[in-house]
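Me: I am new to this structure and would like to learn how to read its features one at a time. Could you give me the general idea first, and then the case at hand?

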Amino acid sequence: MSAANIAHTACYILLAPLLGGLMSGMDRIISARMQGRQGPPLLQPFYDIIKLFSKETVSVKNIQVCFLVSKLGRSPWIMHYDAASCNGCDIEVLACLTPVYDVERLGVINTGNPKHADILLITGGVNNKCAEVVKQIYDQMSNPKVVVAVGICACNGGVFKDAYNIKGGVDTVIPVDVYVPGCAARPESIIDGVVKAVKVLEEKNEKRLAEKETE
Amino acid sequence: MENLLLFLILFPFGSAVLQSVSVNNTLRKIVTYVSSVAIMAAAIVFSVWWFANGAQPIALLSNTGIIDKVMMAGEIFLMVLVTVLSIKHKKYYAIVLSVVQSVALLWFELIGEKSIAHFEPAEANHLYIDQLTVIMILIIAVVGTLITVYACGYMVDYHHHHTEFKDRRRFFFSMMYVFLGAMFGLVMSSSLTWMYFFWEITSVVSFLLIGYTRTDEAVNNSFKALWMNLLGGCGFCAGIIILGFNNQIFDLQDLIQKSVLMGNAAFVAPVILLAFAALTKSAQLPFSKWLLGAMVAPTPSSALLHSATMVKAGVYLLLRLAPLMENNIAGTMVALIGGFTFLVTSMLAITVTDAKKLLAYSTISNLGLITACAGLGTTTTVWAGVFLVIFHAVSKSLLFQNVGAIENLTGSREIEDMHSLIIRFPRLAYPLIIGIAGMFLAPFGMLVSKWAALRSFLEADDKLVGILLVLFICFGSATTLYYWAKWLAKILSYKPQSTICTNKLSANQHLSILVHSFMMLALCTVFPLISRDIILPYLVNVFGYASEVISENNIVVMIFMLVAVFVIPVATGIVIKKSPPHHAHVYMNGYNEGDDLNFKNSFGEDKRIYLTNWYMEDWFGEKKLYIPSAAIATAIVVICLAYSLGGTL
């Protein structure tokens with residue numbers, strides 16, 4: 001086993017993940033272009049990985065610890081929760097993923113698992129039944145995390161404010177960082193809200209790191 | 001030092017006698033421990049001595065008049081035993097098969113041989129030792145005896161749980177030792193009649209072991225094993241007689257050397273008969289049912305029969321015959337049956353929920369791969385085949401022992417009941433993970449051999465067979481990955497509120513399992529050395545040439561991978577220690593009620609979660625697949641046999 005051999009192998013092992021990441025990024029761009037979207041940046045997989053390593057670890061059991069989801073802002077993954085919405089805002093959130101708006105170019109992925117998410121996007125006011133669920137999902141997300149209330153109902157209850165079952169806006173249950181008004185909220189304003197949320201996310205992260213250092 | 005070989009053959013029979021008179025468990029333990037240590041030590045000392053002295057093939061025992069007579073007596077005894085038991089259980093077909101072959105062979109040995117021109121009796125050497133033999137000796141000595149050690153603890157628990165069965169442990173242990181002795185004899189024999197004798201012992205003893213519990217099911221399955229193996233024995237016997245009369249060959253090494261000199265075309269008919277015998281022994285389709293039925297036996301006998309011994313006898317013979325099967329109809333038959341079995345049984349394994357049955361299917365499937373490798377008969381495929389034999393023996397034995405221990409501890413061997421084993425019983429879960437990883441994950445040996453096999457299938461001379469085999473191995477590997485990964489996930493998955501299992505695993509079971517796990521890991525790291533120092537010289541001996549199958553660069557990559565397998569979990573552990581994780585509830589489709597098991601859905605109803613594997617019974621079910629594939633395999637065997645025998649007889 002010569003030195004050249006070992007160097008060769010080491011190069012192989014180091015370069016393979018890089019190449020893999022680039023290929024994955026390329027793949028995402030190509031599939032986005034095929035759908036008529038712009039797609040994420042080429043380096044998106046690396047942004048995702050970097051974020052993954054700088055987030056807090058969430059586990060359900062010690063033995064199953066896994067790294068979860070920073071430059072944080074480059075890879076904001078979203079968890080979309082429909083509280084007591086009329087589904088108008090939900091349609092608009094989904095519209096953000098379509099070719100016209102294409103939020104994936106900002107690195108956004110709509111995940112189905114709170115443990116992977118950075119941004120909790122909630123539509124609709126909170127009623128008594130879903131209040132606990134909202135709390136739980138918020139708790140299941142790993143720090144740092146940001147909550148965006150989409151639509152007027154999520155902001156303060158909207159027209160349902162006085163309904164017997166509605167508690168009010170999302171901020172009656174969990175702290176909200178960004179309010180996106182509208183009925184229904186326009187995709188442009190939702191994207192604007194996400195961009196604002198990204199800034200909040202980065203601020204929170206810096207704060208968290210600073211706290212860690214002082215400890 | 002050569003005497004050690006005779007010791008290895010004879011000593012297990014001696015311990016078998018001792019076992020049969022060991023009246024209580026303490027005595028049994030002592031006999032087992034002492035014999036195991038003696039056998040292992042003899043095998044290891046011999047192999048070290050042999051390698052240290054240049055690893056030249058040894059031929060032994062040329063003059064064996066008396067031993068031959070003893071063996072004849074043994075054959076008659078086996079025939080009588082089979083006859084008596086068959087009459088007792090009213091399964092008369094077994095008598096026919098047994099009597100036909102025994103009488104034919106006795107006639108051949110006593111009368112037929114003398115009529116053959118130029119025959120000079122007692123010239124050939126009856127034992128022959130080369131690298132392949134030594135590998136087999138080591139496998140049998142180490143894996144086989146460890147299984148008997150494991151059995152000491154296991155059988156106590158077994159009879160504790162199954163009070164309905166009669167305690168016949170003395171018989172059980174003595175049969176296991178007879179089996180080991182017969183296996184040593186089989187792999188060392190070069191004389192075909194000797195090999196046949198040991199072959200018959202393994203058939204009959206496996207029949208006795210499978211019928212251990214004496215329930216109706218066990219008896220039926222044991223007779224199934226018996227008739228299939230006896231049918232193979234008939235093929236073996238016919239092969240010996242044809243070789244004797246047509247080619248004046250009585251000796252396996254003689255056969256191999258002549259075929260290298262004269263080309264293998266002259267020997268197709270006897271070789272295909274011997275290969276047929278090997279296919280039955282290795283439980284290839286259409287003879288797979290006996291191995292599945294053999295799962296009714298207590299686990300140590302399953303482990304012994306299906307990892308290190310019985311089924312390995314078949315593939316051992318095939319690997320020996322590999323040079324005789326290159327590019328002819330015998331090779332085509334063996335390769336096709338092997339590849340086809342690999343694919344079909346790995347698909348069947350998907351639907352299985354019983355861990356032991358899954359192991360049975362995966363055993364057949366891996367043997368199919370080895371068979372296919374032997375059938376192509378090139379140096380690369382034989383290289384892959386030998387490695388598959390080594391890795392399969394260790395990891396399968398480990399898996400069987402684990403499943404047996406889990407069954408005794410938790411009362412179930414269903415895969416669905418093995419959830420979160422990593423929390424409930426880490427001491428068994430880690431070896432189980434090593435065993436499963438050894439079966440399909442990179443960089444463990446099975447995968448390397450599969451890769452080598454795939455490469456050489458692509459280079460096969462017969463393009464049609466080559467392409468078929470490539471398809472078989474591609475789809476077979478995919479399904480293999482699926483059923484192993486499914487099981488692995490079940491062990492690792494966390495079911496809330498699992499608690500550590502308090503039942504104790506007896507020390508001897510634990511010892512055997514631990515030693516196996518370490519052997520598995522060690523094999524993964526030293527396998528380039530095994531390749532360079534043992535298998536390549538063997539290939540040079542047999543084929544006259546051999547090339548490096550796997551390049552050094554690939555090996556370095558694999559070592560890195562192996563290191564990574566250990567580094568990543570450790571690194572994760574360290575990082576976690578540094579910043580303790582924030583505990584959260586499991587995410588469910590609704591409000592988690594706090595115990596991670598129940599949730600309220602959007603209608604406010606209480607729901608309980610249950611995670612289960614997907615078994616795809618409707619697509620790959622045994623009822624759907626088994627009979628058609630057995631029919632196809634039968635057709636291949638019948639056509640190839642008819643074609644080659646019709647041409648020569």
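Me: How many salt bridges does the structure hold over all chains?

Reply: A salt bridge is a side-chain nitrogen of Lys or Arg within 4 Å of a carboxyl oxygen of Asp or Glu, and over all chains the structure holds 20 of them. Before going on, please note that this is a predicted model, in which local features need pLDDT of at least 70 and side-chain atom pairs count only at pLDDT 80 or more, while totals for chains, interfaces and linings use all residues. Residues are numbered from 1 along each chain as its sequence is written, chains are lettered from A and ligands numbered from 1 in the order in which they are written, and side-chain values use heavy atoms, with hydrogens and water left out.

Me: Which residue forms a salt bridge with Asp48(A)?

Reply: The partner is Arg28(A), and the closest N and O atoms of the two are 3.5 Å apart. Helices (H or I, at least four residues) and strands (E, at least two) are DSSP runs, numbered from the N terminus. Asp48(A) lies in helix H2 of chain A and Arg28(A) in helix H1 of chain A, so this pair ties together parts that are 20 residues apart in sequence.

Me: Are Asp48(A) and Arg28(A) buried or exposed?

Reply: Buried means under 20% relative accessible area, exposed means over 50%, and partly exposed lies in between, with a 1.4 Å probe and protein chains only. By that rule both Asp48(A) and Arg28(A) are buried.

Me: Which residues make the nonpolar surface patch of about 550 Å²?

Reply: Patches are made of residues with over 30% relative accessible area and no salt bridge, like charges being joined within 9 Å and nonpolar side chains (Val, Leu, Ile, Met, Phe, Trp, Tyr) within 5 Å. Here the patch is made by Leu22(A), Met26(A), Ile30(A), Met34(A), Leu42(A) and Leu43(A). Leu43(A) is found in the loop between helix H1 (3–34) and helix H2 (44–54) of chain A, and it is partly exposed, with a relative accessible area of 38%.

Me: How many residues does the largest nonpolar core have?

Reply: In soluble globular proteins, nonpolar side chains tend to be buried together. A nonpolar core is a set of buried Ala, Val, Leu, Ile, Met, Phe, Trp, Tyr and Cys residues joined through side-chain atoms within 4.5 Å. The largest core has 235 residues, and those with the most contacts inside it include Met188(B), Phe236(B) and Trp290(B). A second, separate core of 22 residues includes Cys89(A), Leu121(A), Val194(A) and Val200(A).

Me: Where does Leu611(B) lie, and which residues is it in contact with?

Reply: Contact means heavy atoms within 4.5 Å. Leu611(B) lies in the loop between strand S6 (606–608) and helix H23 (617–620) of chain B, and it is exposed, with a relative accessible area of 63%. Leaving aside neighbours within four places in sequence, Leu611(B) is in contact with Glu416(B) and Lys490(B). The C-alpha atoms of Leu611(B) and Glu416(B) are separated by 9.2 Å, although the two are 195 residues apart along the chain.

Me: What is the mean pLDDT of chain A?

Reply: The value called pLDDT is the predictor's confidence in each residue, from 0 to 100. For chain A the mean is 86, and 92% of its residues reach 70 or more. Over residues 63–70 of chain A, however, the pLDDT is below 50, and this stretch has 34 contacts in the model beyond near neighbours in sequence. Where pLDDT is low, the predicted coordinates should not be read in detail. Chain B has a mean pLDDT of 86, with 95% of its residues at 70 or more, and the predictor gives the complex an ipTM of 0.71 and a pTM of 0.86.

Definitions and conventions
Accessible areas come from the Shrake-Rupley method with a 1.4 Å probe; for residues, only the protein chains shown count as cover.
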